[in-house]
Amino acid sequence: METKDNELVILEEGRDDTEELYTCCGGSTARQ
Amino acid sequence: MHLSRYLKIYPAPDQSGSYLLYSTRKGSLVRLSEALLSAARAGTLNERDRAALRRMEILVEDPAAEREAMESLVRRTNSRSTRFKATVVLNLDCNLACPYCYEGYYRGKKYLSRSVARQIVDYVIGEQIGRGRDVKIGFYGGEPLLSIPMIREIAGPIQEAARERGVAFSFGLTTNATLLTRPVVEELRPLGLTEAIVTLDGTREIHDRQRPFLSGKGSFDLIVANIKEVCDLITIQLGGNFSREEYREFPLLLDHLLGEGITPDRIGLVQFAPVTPKSGKTVGADAHAGCTSGSEPWVTEAAPYLREETMKRGFTTYQPTMAACIIEFQNDLVINYDGSLFKCPALIGWPELSIGTLADGISDYSKSHNLDVWKKEECLDCAYLPICFGGCRLLTLLKNGAIDEVDCRKGYYDETLEKIILQDLRYGGNGKRKGTT
């Protein structure tokens with residue numbers, strides 16, 4: 001589907017909380 | 001309004017003149033026509049579109065405030081943390097003899113004693129549960145299931161104290177899964193066991209060469225049988241270590257699991273990673289020692305390839321998310337079998353990076369671990385900062401012999417992030433944030 005001129009399409013809303021930080025270690029990750 | 005600095009812009013596939021805008025901070029994704037992208041840059045969007053892009057954090061009101069929010073995020077996370085996570089190294093022994101084992105230089109018949117177990121229990125109950133913190137323990141090794149009595153001795157009283165105080169407690173295992181039988185899981189689950197991180201290194205042939213028993217016998221079939229037996233009781237997180245020569249065969253492992261009835265709904269995350277060098281010595285530029293850089297061309301080819309093959313088969317895998325190295329978090333602690341304390345399980349190969357002992361407490365490690373090494377212009381202005389935060393300090397240590405700079409992932413993300421975003425679009429974003437909550 002073409003994006004029409006002047007069209008904005010939201011494909012992914014993203015995280016609710018941009019304060020949510022994870023820790024990454026040894027291939028696994030856990031929420032802080 | 002300004003475009004966020006934590007933003008990547010890619011051409012939309014099959015749509016000339018359109019663009020994908022991805023916020024590494026928010027994880028949001030929009031598609032815009034070229035005209036709208038120009039308007040966003042010029043600040044001439046209409047009110048509705050401006051509000052939408054503001055909500056997605058693709059537009060920001062104050063770029064300096066956004067940068068400051070990222071710079072202070074780890075500190076703010078530490079100050080509001082209400083949980084404690086301990087990785088407890090129960091032993092450095094193993095019933096497998098993996099040639100690439102990163103603990104190879106220091107493994108042996110070294111086991112956590114009952115007196116250290118008592119110290120752990122006292123510390124967790126007194127210093128953590130006593131302060132109202134939720135507690136999670138990751139039992140580690142060596143092979144943690146060679147120390148089941150110690151798991152009981154540690155988890156039992158902590159679980160009881162957590163219950164009395166009204167805080168949460170659970171534990172996981174990083175295990176080779178050869179001893180992860182149903183009776184073992186049935187015994188440990190009432191004590192708080194919720195998950196196990198297990199490893200299968202590709203096909204039976206590759207795995208049995210990479211992860212044999214001490215006798216030389218292969219371990220693949222036993223591990224698959226155990227996963228099948230316990231995956232309805234606990235969450236199985238599946239990892240695997242791949243090499244340049246063999247990563248292309250790893251999808252056959254996923255086909256094998258599907259054939260065995262280990263379907264995506266029965267296990268947690270699937271994530272493969274390149275083999276890293278043995279801990280405890282600097283490898284410098286020794287290309288045969290293992291991978292110390294995600295920017296190596298074969299890794300930037302292998303990682304998205306394996307992610308694609310994983311998602312194609314319906315398994316859940318990682319998504320880029322805001323994550324920082326474990327050493328940055330003050331409520332994360334590694335307790336070695338002898339009671340010495342570290343900030344990352346792989347750092348126990350460098351005794352000089354011990355940050356204290358259970359008996360004597362924690363010393364100031366901000367200089368030895370070069371905390372905040374990523375707080376420099378180059379990183380703070382980098383679009384990848386939210387999903388990198390300076391990368392993996394172990395890799396820097398392996399390369400340089402000290403944590404003296406960041407493990408820059410710009411090269412890796414330049415080559416892979418666009419592919420990852422397009423995968424999520426193709427497969428409906430069935431990737432999830434890594435790990436547990």
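1. Chain B is split into domain 1 (2–69) and domain 2 (72–437), with bounds that come from an automatic or database domain assignment. The C-alpha centres of these two domains of chain B lie 34 Å apart. Their contact draws 15 residues from domain 1 of chain B and 16 residues from domain 2 of chain B, two residues being in contact if their C-beta atoms, placed from the backbone, lie within 7 Å.

2. On the side of domain 1 of chain B that touches domain 2 of chain B, the elements giving two or more residues are β2 (7–11), β3 (18–23) and α3 (63–71) of chain B; helices (H or I, at least four residues) and strands (E, at least two) are DSSP runs, numbered from the N terminus. By class, this side of domain 1 of chain B has 8 nonpolar, 2 polar and 5 charged residues, where Ala, Val, Leu, Ile, Met, Phe, Trp, Tyr, Cys and Pro count as nonpolar, Asp, Glu, Lys and Arg as charged, and the others, Gly among them, as polar.

3. This is a predicted model, in which local features need pLDDT of at least 70 and side-chain atom pairs count only at pLDDT 80 or more, while totals for chains, interfaces and linings use all residues. Residues are numbered from 1 along each chain as its sequence is written, and chains are lettered from A and ligands numbered from 1 in the order in which they are written.

4. Beyond its neighbours within four places in sequence, B:Ile335 is in contact with residues including B:Ala86, B:Leu341 and B:Leu358.

5. Chain A has 0 helices and 3 strands, and averages a pLDDT (the predictor's confidence in each residue, from 0 to 100) of 76, with 59% of the residues scoring at least 70. Of its 32 residues, 47% count as buried, that is, with 20 or more other C-beta atoms within 10 Å of their own, against 12 or fewer for exposed and partly exposed in between, C-beta atoms being placed from the backbone.

6. B:Ser72 is found in the loop between α3 and α4 (73–80) of chain B, and counts as exposed because it has 12 C-beta neighbours inside 10 Å.
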